[in-house]
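Q: I have not looked at this one before. Can you walk me through it?

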Amino acid sequence: MARRKKVYEGKAKILYEGPEPGTLVQYFKDDATAFNAEKKDVIDGKGVLNNRLSEFFMTGLNQLGVPTHFMKRLNMREQLIRAVEVVPLEVIVRNYAAGTLAKRLGLEEGTMLPRPIVEFCYKDDSLGDPLVAEEHIIAFGWASQQDLDDMVALALRVNDFMTGVLYGVGIRLADFKIEIGRVWDGDFQRLIVADEISPDSCRLWDIETGRKLDKDVFRRDLGDLADAYTEVARRLGVLPSNATHLPKPTLIN
Ligand code: 5GP
């Protein structure tokens, strides 16, 4: 049997060669990592949930004309995506103070920000993905001024969509990270949302109780991560309302 070619393996996902040129298959693993992979675990069902949730968010964005790499879900753990040239930046949008922003500026976690704030981090695990200014990005050639303007506009459109959809199911979007890729339509470059949009890369707080429904549950040992992600998926109608944990395969005698 022919073996497909692995193109890249990251902490939470694997990319395989796709069926057509310009496509890839993105496989969602159950591995959870935090603090630059200093903390690691395997969370049963996480990959399945993130595959579904990323499909949900990216399909919604595609339908609104916010371009993403998502083409279609292939199975429980895999989706077909457009291959992109990844811009080596993490684009973070923040609506409420949390995480590194709260720490850096001494803000109380949960403080509403005066407006959404967009930050860029340079993607380099060995450096711990440091926060960078637009000046660094342009000086080092990671993106042009036009790309930066387009990335901010894209990130804010993603924020508007995600904030609204999540608010509708009682969830506050405190912040999130996206990655952006370049694709070429003839001679023209376009920037599209790549990677994933899931509770691994967002901060999601229950509006009524403040319960955390994102990767902070794992980072801060706050309970069962798959339960939290299942709750997000259930509220968004991505899973049937009576589904709790996704069952492990069982042996039938
Ligand atoms: P912070 O800078 O506060 O750690 O993170 C801000 C937001 O971006 C959070 O929602 C966090 O989950 C997300 N984020 C930042 N860096 C990464 C990363 O390397 N991987 C993932 N999955 N999310 C990240």
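**Chain overview**

A: Take contacts, meaning heavy atoms within 4.5 Å: among those in the chain between residues at least 6 apart in sequence, 55% join residues at least 24 apart. This is a predicted model, where local features need pLDDT of at least 70, side-chain atom pairs count only at pLDDT 80 or more, and totals for chains, interfaces and linings use all residues. Residues are numbered from 1 along each chain as its sequence is written, and side-chain values use heavy atoms, with hydrogens and water left out.

Q: How many helices and strands does the chain have?

A: There are six helices and 13 strands. Both are DSSP runs numbered from the N terminus: helices are H or I with at least four residues, strands are E with at least two.

Q: And what share of the residues is buried?

A: Of the 253 residues, 48% are buried, which is to say under 20% relative accessible area, with exposed being over 50% and partly exposed in between (1.4 Å probe, protein chains only).

Q: OK, Thr-33. Where is it found?

A: Thr-33 sits in strand 4, which covers residues 31-34.

Q: Why does Thr-33 count as buried?

A: Because its relative accessibility is 13%.

Q: Which residues does it touch, not counting those up to four places away in sequence?

A: Thr-33 touches Lys-11, Lys-39, Lys-40, Lys-215 and Phe-218 on that count.

Q: Back to the chain: what box do the C-alpha atoms fill?

A: Roughly 65 × 50 × 35 Å, taken along the principal axes.
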